[in-house]
Amino acid sequence: MDIGKHWQTIIESVQDGVIIVDSGGNIMAANTTALLMTGYKKEEFLGKSCRILNCTGCKIVGKGPGKEWCGLFSRGLIRDKKCFISHKDHRSVQILKSATVFYDDNGDIVGAVETLKDVSDNIKFENELISLKKTYLLEDGFHGIVGKSPVMQSLFELIENVALTETPVMILGDSGTGKELVARAVHETGPRKDKPFIKVNCASLNESLLESELFGHVKGAYTGANRNRIGRFEAAHGGSIFLDEIGDIPMATQVKLLRVLEEKKIEKVGDNVSIDVDVRIITATNRNLEQLIQENVFREDLFFRINVFPIRCPSLVHRLDDIPLIAQHFINVNARKTGKNILGFTPEAMRQMMTYHWPGNVRELRNAVEYAFVLCNGSSVGPEHLPERVTVGPGPGKRSVRECREVLAESRADQAVDERKQLIQALKVAKGNQSRAARAIGVSRVTIWKRIKKYGIDLQRDLD
Ligand SMILES: Nc1ncnc2c1ncn2[C@@H]1O[C@H](COP(=O)(O)OP(=O)(O)OP(=O)(O)O)[C@@H](O)[C@H]1O
């Protein structure tokens, strides 16, 4: 059998993309997978230089055909090299590339065969694994956000509602209140949940690094840019981008960001080719953007573009009911991590925690429990195991027990008012049918009946 006659069937049967080039790098043949991966039609692809793929793994050392013009031709072999190629629509595709040159009877190179394995899915699985690991550590609560206080329940409801839309969300709140968790929850509750969630901390980079981080750059765009790099917007394509500390981005970058948000296109630094990006925008800040606008350091038009649906993460000091719950959550997390058999807190330790004002919010509470795990060798964390700042007092950082009771009573009263209102509304919509109202609120019919009694709702009077 002359195997040579069947080469086309052979390359079609390979699952990866296969491209055959001549010694000048011109594409002679490609299988269907290669065409799908690159987005080209056969007639657009064959005969073109392989350089249209802009493969970041290729080292071009000369110009024309000949032994030394391409790194592959001098080495003869490439195995599983991680690189990016450009799709026809300019998007980057992450691949594993292998290549081998072939020779004629005189030992001269006549071409090469390249196989391209699309590893974007592997990257997605890696990301999912990271996110699963996070979920394992934060298994309680709503997407890892622990809290049962009325204000947190309203927050979960807001997240669920806005997640289904494409509306830009801005998350406000003091440091450590869980803004990043809320951003993840918006992404994970919405239709983009299987696509990437990409976070950029806008405060940690200077102007040029931030632009290259957001939009990517091409090789040679500036000193030190010795290879192409895809930006976070491109990496987030199809998913969400979370711009943390948005209040800290420089004015010049704000102008570019606004254009990207309006046109849904990016240009890499040093390039003028536009790349379409479909990305949901979620931003967060603990700064007062209105004041930054007054001070002329934040653009008002950008503010209106990103602040369509603000969500506020409440400080811990305003949701005292959540402190025992979150503290116990961190006990469970640390017990699993360290293997220590610590089960909870002594009543005095809990009293100290309830009366402390937690300026660093949940992050500080998390650190305090971690600190206690180092010192505690029994089964309960006592006040002696907590950081000193939590237990000193009374002082400006401490409330009295009476003040705590007042805060708790106030928030429970708010919850009761909300619950009563919600129940009356559901009963009105269900025209008094308790089973339908129960389904609408997501509770049992018995709970509806109990709440009607508890809040003294008169089905005649209150539903009119
Ligand atoms: N309600 C919560 N339940 C459980 N863990 C929480 C909660 N809120 C915050 N955390 C944890 O506290 C830490 C800080 O949260 P996060 O980074 O989301 O806060 P942030 O508001 O984004 O802070 P910063 O403004 O400083 O970036 C994280 O470890 C997070 O997992």
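A residue counts as buried here if 20 or more other C-beta atoms lie within 10 Å of its own, as exposed if 12 or fewer do, and as partly exposed in between, with C-beta atoms placed from the backbone. The structure is a predicted model, so local features need pLDDT of at least 70 and side-chain atom pairs count only at pLDDT 80 or more, while totals for chains, interfaces and linings use all residues. Residue numbers start from 1 along each chain as its sequence is written.

Helices (H or I, at least four residues) and strands (E, at least two) are DSSP runs numbered from the N terminus. H7 is mostly covered, with eight of its eleven residues buried: Lys179, Leu181, Val182, Ala183, Arg184, Ala185, Val186 and His187. The cover over these buried residues includes helix H6 along with strands S6 (169–172), S7 (197–201), S10 (240–244), S13 (280–285) and S14 (309–312).

Axes are lines fitted to C-alpha atoms, for helices over the stretch in contact, and angles run from 0 to 180 degrees between N-to-C directions. On the H6 side, Ile159, Glu160, Val162 and Ala163 meet Val182, Ala185, Val186 and Thr189 of H7, a contact being two C-beta atoms, placed from the backbone, within 7 Å.

Val182 turns up again in the largest nonpolar core, which has 65 residues; Ile171, Val182, Ile241, Ala327 and Leu365 have the most contacts inside it. Such a core is a set of buried Ala, Val, Leu, Ile, Met, Phe, Trp, Tyr and Cys residues joined through C-beta atoms within 7 Å. Helix H15 (residues 361–375) gives the most to this core, with six residues. Domain 2 (123–312) and domain 3 (329–391) both contribute residues, so the core lies between them; the domain bounds come from an automatic or database assignment.

Leaving aside neighbours within four places in sequence, Leu365 touches Leu316, Ile326, Ala327, Phe330 and Trp358. The axes of H15 and H13 (residues 322–338) come within 9 Å and cross at roughly 45 degrees, so this pair is oblique. Ile326, Ala327, Phe330, Ile331, Asn334 and Thr338 of H13 make the contact with Val362, Leu365, Arg366, Val369, Glu370 and Phe373 of H15.

Methods
Parallel < 35°, antiparallel > 145°, perpendicular 65-115°, else oblique.
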